[in-house]
Amino acid sequence: GAQGIVQFESAMFFADEAEGVLTVSVMRLGCLDSTATVYYNTEDGSAEAGQSYMAAAGKLCFEPGEDAKSVDITLVPSPMWAATLEFKLHLHSPENCELGSYLHMARVKVIDSSYFPSDECAGRNMKDINGFFLLWTYFKWNYFLAGVRNKTILAVFMDQLGNAYALAMIYCQMYLVNVVCNPDEDVEDSLLLPDRAQTAYLLSAIIILPPFVLHLWEIARVKLDITGHSALFLQKSVFRKYLNYSEDVKADIKPEIFENAVTNECQAAASGYASALSALAIAGRIGVNMYFILRKSPDARAFAIGVPLFVGMWGWMRTQVWQPPSPKAHIASQARVLHETVSKYDIISAYFLRPMANESFVQRGEAVRARSAEKRVYMANTDFVVDALGPMCTGILIATLVPEVVVGNIRLGTFLATTRAVASISKECHKGFGTFRTLTAAFPPMRSIAVLLNKQTDLQMWKKVNRSRRAVTASLSSQLPGGHDCFPIRLTDVGYRLASGSQLFRDITVEAAQGQMVAVVGPHSS
C-alpha cells in the first residue's frame with residue numbers, strides 16, 4: 001500500500017547555546033493510516049558532541065493519524081567564545097514509510113552571542129583596549145581550546161626541565177673547580193664517588209647526556225606545533241564568521257582586509273601566544289641563575305637583581321615612551337601611487353604622464369628607504385645597550401671580585417660560576433627583550449582580528465525567520481484537517497530587487513493551495 005514520507009520540518013535549525021535545549025521537529029506527509037517508525041542520530045561538524053551539544057540518537061514512532069514528532073537536543077553552554085558551530089541530524093532506517101529526498105538530513109547552527117575574546121570587551125572600541133589586556137584575554141581563550149591546553153602544560157614543564165639542567169651546569173662547574181680539581185685540599189669526604197676520577201666521570205655524564213634528551217624534546221615541541229594549531233583555529237573562526245556576516249557588513253569589509261587577517265594576522269596573533277610561552281621559559285632561566293647567585297655569591301646580588309630590572313625598564317621606555325621612526329606613512333603613500341597608476345593608466349598613457357608617474361613613485365620609494373634605514377639605526381642603537389650589558393657586568397665582576405678570590409675570601413669555582421650566572425642572566429634578558437618585541441607586535445593584528453570576530457552576523461535574523469515559519473507550520477497543523485498535505489503556500493510582504501538596484505516589486509503577499517501554479521507576469525524590466 002501507499003507509504004507516507006517522514007522528514008525534518010526544516011533543512012536548518014538555529015539555537016543560541018544559552019537556550020539549553022533545541023527542539024527539532026519531524027513531520028510526516030502523505031498516508032497516515034498506519035504506524036511508521038524512523039531512527040535519528042546526531043553527527044559532529046564544527047560543533048563536537050560533549051563540547052557544544054550532547055549527542056542524541058533514538059527512535060520516533062508515528063501512530064496512525066499522527067503527523068508530527070519532535071526531538072530535544074541538549075546544548076552545552078560554554079564560558080569561552082566560539083564562532084558559529086554546526087552539527088547535523090540524520091533520519092535513517094525507516095519502517096513502513098519513506099524518507100524525504102532532501103530533508104532526511106538537517107543542519108543545526110549553534111549561535112554564540114558573546115564577545116571575542118571575552119565579554120569584558122563588550123561595547124568597547126578595540127583601539128581603546130590596552131594591548132596587554134587584549135592579548136591576555138586571548139591567551140586565556142586560546143589556552144582552553146581543545147588540544148592546546150595539554151600541549152601548553154607539557155611545553156611549560158619541559159622548558160623548566162631545561163632550566164633545571166642549566167642550574168645543574170652552574171653547580172657542576174663550581175663543584176668541579178672547588179672540589180674535584182682542587183689539589184690543595186683534602187676533599188675525600190666531599191666527593192660523590194670514592195675518588196676524583198670516578199666523580200669526574202659522573203660529572204661528565206651529567207653534562208653530556210641531558211642535551212640529547214632536551215634535543216628530542218625540541219623535536220617533539222616542533223611537532224606539537226602550538227603556534228600552528230592556534231593560528232588555524234583563529235583562521236577557521238574568522239572564516240566561519242565571514243560566512244555568516246550580514247550583507248551590509250560584507251559590503252563594508254574590503255577583500256584584502258579579510259585575506260590579510262586570515263593569512264597573516266592570525267599567524268601573528270598565534271605567534272604572540274608562543275612568545276608568551278617562550279617568555280616563561282626565559283623567566284625560568286633567569287630565575288635559576290638568580291637563585292644560584294643569591295645562595296652562593298651575595299656580592300653579586302646587585303647584578304642578579306639589577307640586570308633584569310634595567311632591561312625591563314629599557315624595554316618599556318623603548319616601546320611606550322620613545323617612538324621609533326616608522327616608514328608606514330611613506331609606504332601608504334607609495335601604495336596610493338601604485339593604485340592610481342594601475343587604475344588610471346589609460347589617462348596617464350594618453351596624456352604622456354608616464355615620466356611624472358615614475359618620478360612620483362621613485363620619490364616615495366626613496367622616502368620609504370630612508371625612513372626604513374632610520375628605523376634600523378634606531379633598533380641597532382637600542383639593541384646595543386642590551387648587548388653590551390653582559391660584557392659590562394662581567395668586567396665589573398672581574399674587577400671587584402678577583403681581589404677577593406686572590407686572598408681566599410671567595411673560592412675560584414664560586415667566582416667562575418658566578419660570572420657564568422651573571423652572563424647568562426644578561427643573555428636571557430636580551431632574549432626576553434626580543435620576545436617582548438614579538439609579543440607587542442601582536443597587538444595590532446589582535447585588535448584587527450577582534451574587530452572582525454565581533455562584527456554583526458545575520459544569524460539572529462535567520463533564527464527569527466526560522467522560528468516564525470515553524471510557528472506558522474505548527475499553527476496550521478492544528479487548524480487544518482489532513483495534516484501537512486493541506487498546507488497552503490503563502491508568501492508575505494515579498495520584494496525582489498535586481499543586482500543593479502532596480503526594484504521589480506515589493507510588498508507582495510500571495511497564497512496558493514498545494515498543486516496550484518502561480519506566475520508573476522509583466523513587461524520586461526518593469
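Predicted model: local features only at pLDDT ≥ 70, side-chain atom pairs only at ≥ 80, totals over all residues.
In strand 8, the residue that bridges to Val6 is Leu99, and three bridges in total join strand 1 (residues 4-8) to strand 8, the two running parallel; strands here are DSSP E runs of at least two residues, helices H or I runs of at least four, both numbered from the N terminus, and two strands pair if DSSP finds at least two bridges between them. Residues are numbered from 1 along each chain as its sequence is written, and side-chain values use heavy atoms, with hydrogens and water left out.

The open sheet has four strands in the order 6-3-1-8, with mixed pairing. Strand 6 (68-74) and strand 8 (97-99) are at the edges with a single partner strand each, so one side of each has no neighbour in the sheet.

Turning to salt bridges, meaning a side-chain nitrogen of Lys or Arg within 4 Å of a carboxyl oxygen of Asp or Glu, the count comes to 14. Glu19 pairs with Lys463, the closest N and O atoms being 2.7 Å apart; because Glu19 lies in the loop between strands 2 and 3 and Lys463 in helix 14, the pair ties together parts 444 residues apart in sequence. Lys463 is buried at 11% relative accessible area, whereas Glu19, at 33%, is partly exposed, where buried means under 20%, exposed over 50% and partly exposed in between, with a 1.4 Å probe and protein chains only. Asp16 and Arg467 join these two residues, Glu19 and Lys463, in a salt-bridge network.
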